[in-house]
Amino acid sequence: NRSFFAPGKMLFLIGLGLGDEKDITVKGLEAVKRSIRVYLECYTSILSISRSTLEAFYGRPVIEADRDLLESGADEILAGAKEQDVSVLVVGDPFSATTHTDLVLRAKELDIPVQIVHNASIITAVAITGLQLYRFGQIISIVFFTPTFRPTSFYDKIALNRKMGAHTLCLLDLKVKEQSEENLLRGRKIFEPPRYMTVNEAVNQLLEVEEERKEGAFDENTEAVGLARVGQADQKIVAAPLKDLLRVDFGAPLHSLIIPASPLHEMEEDIL
């Protein structure tokens, strides 16, 4: 019955891994069971299971924490954490998103002890492709293009990574509890349906930018790796030229994309 944790009340940030409710670590489960309040951060990533499934397995009510609560309402989460244990559950690893770093800093300003329970994240799980982790360069995010918002800084990072002989992990956009411009301007709390960028959409945008820039960072024949639901029983991984990935049905979210270095190590080539 020895506890993993120091005595006293604290804030726990607990990684859930990438699969389902059973991916939590023994240490993480102990923290959840001793917590008075348990929050699930639900906007930087998603699980393949429902909140009720988590609640049934953990034996605790789970409060969904969206962007507003985690960023603007952090005081609500931290309230009473000196007197009662509070847990924040994060898909993957707690420090895969900067939002969680900010929560830790706020807790420390309030002299609230913080305990981190790590878990697998997409950043390490991509090794299942056979690409060597130490060869990955800067990680990039690809966001949905709109008529008025088309950020392309990712292009330069991919070009730099490939110049250095490094792989590029592309994290793809997800929109959860987003408001349309009209509803935002009118102050109406009406949210758009969730959207999760697919590998196909990401490849389309990459090729659009290459067509605009024409700097040769990659082209439609560049070998790439599309990934879907990594860590889950039905994960899908396909290695093919970008033009061929456009025709692959990767199924349900979440998706990621890798632009490998060139040339590949012989062992990397064999596994892909």
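Me: What makes Arg 195 count as lying over the face of Phe 144?
Reply: Arg 195 is placed at 3.9 Å from the ring centre of Phe 144, and a charge sits over a ring if NZ of Lys or CZ of Arg is within 6 Å of the ring centre and within 35 degrees of the ring normal. This is a predicted model, in which local features need pLDDT of at least 70 and side-chain atom pairs count only at pLDDT 80 or more, while totals for chains, interfaces and linings use all residues. Residues are numbered from 1 along each chain as its sequence is written, and side-chain values use heavy atoms, with hydrogens and water left out.

Me: Why is the pair of Phe 57 and Tyr 58 given the name it has?
Reply: A search of the whole structure finds two aromatic pairs. In the one formed by Phe 57 and Tyr 58, the ring centres are 5.7 Å apart and the planes meet at 65 degrees, so the pair is edge-to-face; rings of Phe, Tyr and Trp (its six-membered ring) pair if their centres lie within 6.5 Å, and planes under 30 degrees apart count as stacked, over 60 as edge-to-face and the rest as tilted.

Me: Is Tyr 58 called buried or exposed, and why?
Reply: Tyr 58 has 1% relative accessibility and therefore counts as buried, since that term means under 20% relative accessible area, with exposed over 50% and partly exposed in between (1.4 Å probe, protein chains only). Phe 57, at 33%, counts as partly exposed.

Me: What makes the link between Thr 168 and Asn 161 a polar contact?
Reply: The side chains of Thr 168 and Asn 161 come to 2.9 Å, and a polar contact is a pair of N or O atoms within 3.5 Å, where, within protein, one must be able to donate a hydrogen and the other to accept it, and residues adjacent in sequence count only if both atoms are side-chain atoms. Thr 168 is itself buried, at 0%.

Me: How do you know on which side of helix H7 its buried residues lie?
Reply: The buried residues of H7 (residues 153–163) are Phe 154, Tyr 155, Ile 158, Asn 161 and Arg 162. They cover an arc of only 130 degrees around the axis, so they are on the same side of H7; the arc is that of the directions from the helix axis to the C-beta atoms.

Me: How many disulfides does a search of the whole structure find?
Reply: The search finds zero disulfides, the term meaning a pair of cysteine sulfur atoms within 2.5 Å.

Definitions and conventions:
Helix = DSSP H or I, 4+ residues; strand = E, 2+ residues; numbered from the N terminus.
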